[in-house]
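Work through each task with the sequence and the coordinates at hand before reading its solution.

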Amino acid sequence: MAQTLLEPVAAGQTRFRMQGLSSDPRGIAVGRETLVALPSLDALVSFLGAYSDEASLDDLLPSMTLEQARRGGGGHATLVRCHSSDGYAVDRLARLATAARGALYTGGGATFVRWRDREAPFGYDLAEPLQPPRDELVVVDLDFVAHYTTTHRMDPVELIQRLELRAVPVPLGGISRDPELCGLKEMALLLAAPALAHRVLRYLWRLEVPMAGYYVRLAGDAQPSLLLRLRQPRSRVLDVLAGVPGLELLAPVSSRAAVEIGWRHPIQLASAQTCLPGEEMFLFRGTTGRVERLDGPPRFVDGRHLVESTVAGRLREIGQLRDAELEPLRVELRMRKATLAREPRAVVIGWDQVKLLRHLVYMLPPSALAAARLVPLDAGVVVLASAGALGRGASAAGLGAGVLLPLGQRLGEVAPGVLVPDGHELWPRVRPALLRQLLGLGPDDHALYLSPTADPIRVRPDQLRPLDAALIGRLTLDEPSLVTPEMPAVGAGVVRNQRLGRFALWGFGGAPAATPRPADDGEGGP
C-alpha cells in the first residue's frame with residue numbers, strides 16, 4: 001500500500017507537524033525559507049532573468065544562496081534558497097520556477113515540502129514527522145522524497161557578473177531606423193580605441209554633437225581608451241560610428257552599467273544593483289567577451305576641453321581705416337510687368353463711377369468701411385484699404401476695400417505706403433525702407449503710381465478722408481414745436497372724514513362712490 005507523504009492543510013489550521021511552517025494572513029502555510037530546484041544552470045539563468053523582468057533582484061540577493069547538489073539515487077540539480085516574505089511573493093516564485101522547468105518548495109532548515117496547488121490551496125504538511133540525515137537536504141513531494149547533498153556553492157553576484165551576453169539583432173535599416181529599440185535615444189556611450197580617439201573627437205566636434213568624456217585604461221591595454229557620453233545623438237551619427245572598427249557603442253542600462261549594442265545581458269541589470277558593488281562602472285562588451293570594471297564613478301569632462309585647437313592664424317586688429325569717398329551707383333527706378341500676384345490695397349475710381357460707389361459702399365463690412373480712406377484727385381477718387389501704419393495693418397480682420405470694390409483700377413503695394421498698378425512692380429527691387437527713402441516720403445506719407453507711365457503722387461496724412469464720412473450725407477434734424485394744452489387746470493382737492501364700515505375699500509379704484517349710509521346702519525358701530 002502506498003504511503004501518504006503529505007497532507008493538505010485545512011482552512012484555519014495553525015498547528016503543523018513540520019517545524020518552520022506558519023500560516024500567513026490568508027491562512028496559507030508558508031515556511032521560513034523557499035527552495036527552488038532547477039535542472040541545470042541554463043534553467044537558473046532563465047529563472048533569474050524572468051524574475052528580474054517582473055521584480056527587483058535586490059530583494060532576493062541579500063538572502064539568496066546558490067548550490068550545486070547531487071541527488072540521492074542519481075542526478076544533479078541547482079538549488080536556490082532564499083527567505084520567504086508572504087504568500088504573494090512565494091506564488092510569484094512558484095510561477096517563474098515552473099516556467100523555468102523547476103519546482104518550488106517551502107520549509108526551513110533541512111526539510112522542505114511541496115508548495116500549494118489547486119488540490120491543496122492552503123499548502124501541504126507532513127503526514128508524519130521526518131528526521132533528515134546529517135548534511136543532507138530533504139525535499140518531500142506528493143509521491144517521492146529526494147535527498148540532496150551540496151557539492152558546490154556559487155556567489156550570486158559573481159555569477160551574474162560573469163554571465164555571457166546574448167546576441168540580439170540590430171534593426172535591418174540600421175540604428176537610425178529605431179534608436180529607442182537599441183536604447184540610444186537619450187544617451188549613448190562610445191568606447192574608442194587609443195588610435196581613433198583624436199579622430200572621433202574631431203568628427204563629433206565638427207558635427208556639434210553634445211558630448212563629454214575621459215580617458216580610461218582598460219585591463220591589458222598599454223594606452224588609455226576614450227570613453228565618450230553622447231546626449232541625444234543623431235541617428236545618422238550613430239550609424240556611422242557603429243560601422244567603424246575600433247569603436248563600440250554601448251547603451252546605458254543603469255546608472256553604473258552599459259551593454260554593447262547588438263548584445264543583451266540575460267539579467268535586467270537595472271533591477272540588480274546589488275550585483276554591481278562599490279562605485280565602479282561596468283562595461284559589458286559582447287564583441288570581445290569581456291566585462292570592463294572602471295575604477296571609481298565616471299568622471300566625464302565637457303567635450304570642448306578634450307578638443308585641441310589647431311588654428312595657426314590669429315586675429316589682427318585694423319590699424320587705420322582708409323579715407324575715401326565712394327561714388328554712388330545711380331540706377332533709375334522703372335516700372336515693369338510682374339508675375340507675382342499681390343493683394344490690392346487701393347483702387348482708383350473715375351468720377352463717372354462715383355455715384356455707383358455711393359451705392360456699393362453699403363455692401364462693405366463695417367470693419368473694412370471704418371478702415372478705408374478716400375483721396376479725391378483729378379484722375380478720380382482713390383480708395384485706400386487703410387491708412388494706419390502705412391497699410392501694413394489694413395483689414396487685419398478680413399479683406400480690405402481694395403479687394404471688395406469691383407470698380408476702377410486696382411493698386412498693389414510694393415513697399416509700405418508705395419502703391420503701383422496691379423500686375424506691375426518697380427525694378428530693380430530694393431528693400432522697402434530704402435525705396436521710401438529714395439522717394440523722399442515722410443513717416444506717414446503715401447506714394448501713388450496711378451499708371452505705369454505717370455510720375456508718383458505724394459499723399460500726406462492730412463489729405464486722407466474717411467470713406468464713410470465722405471460718401472454719406474448729413475442728416476437734418478427737425479426742430480419740435482411746443483403745443484399749449486387745452487384741458488382745464490385741476491382744482492383743489494377736498495378731504496372728507498367718514499366713519500368706515502366693515503367694507504371700507506368697497507368701490508375703491510374707479511367704481512362710482514356709493515351714497516354714504518347713516519351712522520346708525522353700520523354693523524360695526526358701537
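**Exercise 1.** In this predicted model, which residues lie nearest the centre of the second largest pocket, and how many residues line that pocket?

*Solution.* Begin with the lining as a whole, which consists of 19 residues, and then pick out those nearest the centre, namely L181, C182, V253, W263 and R264. Next, assign the lining to secondary structure: β16 (247–254), β17 and β18 (263–264) each give two or more residues, and the largest share, 3 residues, comes from β16.

**Exercise 2.** Determine which members of the largest nonpolar core touch the most other members, and which elements supply the core.

*Solution.* The core holds 41 residues, and L38, L44, F47 and L57 are the ones that touch the most other members. At least two residues each are supplied by β4 (33–38), α1 (41–54), β6 (76–83), α2 (87–99), α3 (156–161), β17 (257–260) and β19 (281–285), with α1 giving the largest share, 6 residues. As for domains, both domain 1 (6–154) and domain 2 (164–305) contribute at least three residues. Apart from this core lies another, of 23 residues, which includes A188, L190, V209 and L228.

**Exercise 3.** List the residues that L38 touches, leaving out those up to four places away in sequence.

*Solution.* With heavy atoms within 4.5 Å as the criterion, the contacts of L38 are A43, L44, F47, A77, T78, V80, A97, A100 and G102.

Terms used: Residues numbered from 1 in each chain as written. Predicted model: local features only at pLDDT ≥ 70, side-chain atom pairs only at ≥ 80, totals over all residues. Heavy atoms only, no water. Core = buried A, V, L, I, M, F, W, Y, C linked by side-chain atoms within 4.5 Å. Buried < 20%, exposed > 50% of the residue type's maximum accessible area, 1.4 Å probe, protein only. Helix = DSSP H or I, 4+ residues; strand = E, 2+ residues; numbered from the N terminus. Domains from an automatic or database assignment. 1 Å grid on protein atoms, 1.4 Å probe; cavity = no way out; pocket = protein on both sides within 12 Å on 5 of 7 lines; lining within 4 Å.
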